[in-house]
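Me: I have a new structure open and would like to go through it piece by piece. Can we start with some aromatic side chains?

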Amino acid sequence: MRKGTTSLCRALLGVAASASLAAAQPTARVEVTEATVADLQEAMTRGRATSVSITRAYLARIAAYDHAGPQLNAIIRVNPRALQDAAARDAERKAGKVRGPLHGIPVLVKDNFDTGDMPTTAGSLALANSQPARDADVVRRLREAGAVLIAKANMHELAAGITSVSAFGGQTRNPYDLLRCPGGSSGGTGAAVAASYAAIGWGSDTCGSIRIPSAFGSLFGLRPSTGVVSRTGIVPLSHTQDTGGPLARTVADLAIAMDLTAGYDSADVATRPMQTREPMRFQAALDVNALKGARIGVFAPYFRDTDPEIADTVRAAIEVMKQRGATVVEVAVADFDSLIVRTSANEFKYDFIAYMKTVPNAPVKSLREILDRGLYDKFQEPRYIAADTVSGPDTKEHQEVMARQAVLRARIEALFDSLQLDAMVYPTIRQRPVLIGEAQPGSTCQVAAQSGLPAVSMPAGFLHDGLPVGIELLGKRFTDVRLVALAFSFEAAAPRRRAPTTTPALVAGRAPRPTVKTLTVTDAGTVVQARVELDAVRNELRWQARVVAGAPNVSALVFRRRGGRVFTSVATATVPAQRVVVPDSAQRVVARLLGPEMRTASGTLTLTHADRSALAAGTFTLALYTAKNRQTEITVR
């Protein structure tokens with residue numbers, strides 16, 4: 001959005017285009033909104049930016065949008081040393097030392113990754129001042145690679161949930177719809193990367209906690225094979241299923257992240273296979289033609305009970321894979337429900353006790369202590385009580401879960417082999433992000449998490465209401481590089497990510513100001529005025545209406561919008577799903593401003609994606625209805 005923009009239509013178009021326009025201008029200040037790692041490195045190499053200036057730009061975005069503006073609440077704490085660290089990387093660059101592709105690049109991590117210079121809370125009030133002794137292995141690798149750790153992200157408390165609400169961090173909002181959750185448990189990381197608070201972010205995934213926020217944030221997110229990335233220094237939920245991994249806006253950035261953080265760690269027994277395997281080379285494997293000749297299996301069990309529009313979007317994305325040269329086959333697993341049952345490892349109670357023993361002067365020692373002291377979000381109580389009743393890790397029940405996980409992994413990999421598949425594909429999550437405070441249904445996280453196999457979530461497109469949809473690729477163990485290459489080929493076909501409108505590029509270091517317009521509607525001596533203020537950052541249309549003349553003749557003053565849509569109705573026991581087409585000429589009332597005998601009124605309309613699209617297209621109107629059954633309508637511009 002540029003200074004001087006006066007029309008509401010241009011304001012809406014501007015927030016979507018401002019990032020790319022600003023990035024194209026050869027100014028001294030680099031635009032970080034939607035910038036890739038390559039963009040930022042080029043800017044520093046050419047002297048158009050420094051790590052300090054880039055870090056300041058990201059910090060300005062956090063200041064403008066996290067606790068102000070749309071109030072995403074994605075960040076638990078900003079690193080107070082971020083600018084100092086950036087200055088050190090600039091000094092190294094000036095001296096001729098560039099450590100690699102992340103040198104001087106601001107990144108962020110979920111606040112369950114240990115940092116030796118900042119507390120690690122995992123979103124828990126009980127850990128508000130819990131100070132680990134050292135960095136997590138992933139954090140150590142990032143710092144050694146020259147990355148600037150700019151902040152630690154909010155998360156679902158102790159990673160035990162998928163809506164990203166915590167007693168210490170509060171509720172994170174989805175930047176694509178501020179009334180909805182961002183997914184979890186790495187929802188703070190997902191929202192922050194989607195909103196360009198940093199170049200790349202790291203989350204952890206026990207069952208969907210990287211992939212679901214990626215789907216809800218129009219991002220790429222990889223759950224690596226178990227053992228590819230070290231778990232050392234990550235507050236555990238389940239040592240069997242936990243893994244760290246990156247969330248990024250492009251596959252190229254995801255590949256950079258994996259190249260720098262994958263590898264053997266002597267402190268994590270799960271990474272032992274990496275000690276003898278050839279190093280994984282993600283960037284080197286990126287190939288726009290990777291889908292050509294690939295065999296992709298459509299995993300039928302994860303298309304059941306799916307929102308019809310999500311299913312349509314995912315199926316359309318699969319068609320793109322076919323157009324890129326992939327062979328697509330259906331994979332039906334008749335006994336999947338019995339195969340997946342009792343494969344989830346409940347290890348939180350004892351893993352948490354073991355982790356807290358590594359923390360000097362630990363503020364609590366167990367989940368029971370957190371329960372006894374009431375240091376948890378109210379939504380967590382049933383989950384924590386259930387977790388605390390679990391018997392030790394050597395019980396018959398736990399051993400059965402481990403055995404069933406092995407059977408699951410063997411069965412899925414046998415399907416890969418028998419069908420000669422490179423990957424299986426399905427929706428990352430089968431339902432839309434829920435409204436804040438609701439439980440999130442529709443997860444498809446189990447097959448990867450409970451088998452230890454790698455899975456990457458990719459942007460598949462958007463629903464009619466502007467919500468992102470994710471599509472997931474599952475691979476055999478240690479085929480992580482191949483999965484990322486397939487994702488790169490899919491992305492190259494036609495990028496499906498778009499930035500959220502609530503966090504546009506800053507103007508002079510600040511969020512764009514709301515645009516204000518006074519509209520006048522007249523009809524045979526009746527005059528009504530409406531002052532309309534569009535705050536695109538908050539998704540709000542604030543209005544004040546008054547009757548200037550002819551008050552007795554006013555029946556109603558309303559906002560209306562025109563526009564069609566195509567959707568699939570939900571099937572019932574008696575009526576099959578049907579494709580419904582609403583024509584472009586269709587009109588509907590969005591909000592009433594005035595009624596009979598009302599001379600003045602004011603209010604705030606929370607805009608939907610359809611409302612914003614209509615404003616941008618010039619099909620959002622202010623309509624006056626009089627007692628003489630007359631209608632006068634003007635476009636809201």
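Reply: Tyr-302 and Phe-336 are both buried, where buried means under 20% relative accessible area, exposed over 50% and partly exposed in between (1.4 Å probe, protein chains only). The model is a predicted one, so local features need pLDDT of at least 70 and side-chain atom pairs count only at pLDDT 80 or more, while totals for chains, interfaces and linings use all residues. Residues are numbered from 1 along each chain as its sequence is written, and side-chain values use heavy atoms, with hydrogens and water left out.

Me: How many aromatic pairs are there in the whole structure?

Reply: The search finds 10. Rings of Phe, Tyr and Trp (its six-membered ring) pair if their centres lie within 6.5 Å; planes under 30 degrees apart count as stacked, over 60 as edge-to-face and the rest as tilted.

Me: What kind of pair do Tyr-302 and Phe-336 form?

Reply: An edge-to-face one, with 5.4 Å from centre to centre and 85 degrees between the planes. Tyr-302 sits in the loop between strand E9 (295-299) and helix H11 (308-323), and Phe-336 in helix H12 (residues 336-340), so the pair ties together parts 34 residues apart in sequence. Helices (H or I, at least four residues) and strands (E, at least two) are DSSP runs, numbered from the N terminus.

Me: And what about Tyr-302 and Tyr-426?

Reply: Their ring centres are 5.1 Å apart and their planes are at 70 degrees, so this pair is edge-to-face. Tyr-426 is in strand E11 (residues 423-427), and the pair links parts of the chain that are 124 residues apart. Tyr-302 and Tyr-426 are both buried.

Me: Which residues make up the aromatic cluster there?

Reply: Phe-299, Tyr-302, Phe-336 and Tyr-426 form one cluster.

Me: Which arginines lie over the face of a ring?

Reply: Arg-315 lies over the face of Phe-303, 4.4 Å from the ring centre. For a charge to sit over a ring, NZ of Lys or CZ of Arg must be within 6 Å of the ring centre and within 35 degrees of the ring normal.

Me: Next topic, the core. Which residues of the largest nonpolar core touch the most other members?

Reply: Tyr-197, Trp-202, Met-321, Ile-412, Ile-471 and Leu-474, out of 117 residues in that core. A nonpolar core is a set of buried Ala, Val, Leu, Ile, Met, Phe, Trp, Tyr and Cys residues joined through side-chain atoms within 4.5 Å. Apart from this one lies another core of 26 residues, including Ala-545, Ala-601, Leu-605 and Phe-620.

Me: What is Ile-471 in contact with?

Reply: Beyond its neighbours within four places in sequence, Ile-471 has contacts that include Val-314, Met-321, Tyr-426, Val-456 and Phe-490. Contact means heavy atoms within 4.5 Å.

Me: Stepping back, how many helices and strands does the protein chain have?

Reply: It has 19 helices and 23 strands. Of its 637 residues, 59% count as buried. Residues 24 or more positions apart account for 72% of the contacts with a separation of 6 or more.

Me: What does the C-alpha trace span along its principal axes?

Reply: About 85 × 65 × 55 Å. The radius of gyration is 26 Å, which agrees with the value near 26 Å for a compact globule of 637 residues. That radius is taken over C-alpha atoms, and the globule rule is 2.2 Å times the number of residues to the power 0.38.

Me: Back to details. Which residues of helix H15 are buried?

Reply: In H15 (residues 381-388) they are Tyr-384, Ala-387 and Asp-388. They cover an arc of only 95 degrees around the axis, which puts them on the same side of H15; the arc is that of the directions from the helix axis to the C-beta atoms. Helix H13 (348-356) and helix H14 (367-373) are included in what covers them.

Me: Where is the cis peptide bond?

Reply: It joins Gly-184 and Ser-185, with omega about 5 degrees. Ser-185 is in the loop between strand E5 (170-171) and helix H6 (187-194).

Me: Which residue other than glycine has a positive phi near 70 degrees?

Reply: Phe-478. Phe-478 lies in the loop between strand E13 (468-474) and helix H18 (480-493), and is buried, with a relative accessible area of 16%. Ala-159, not a glycine either, has a positive phi of about 65 degrees. Ala-159 is buried too, at 7%.
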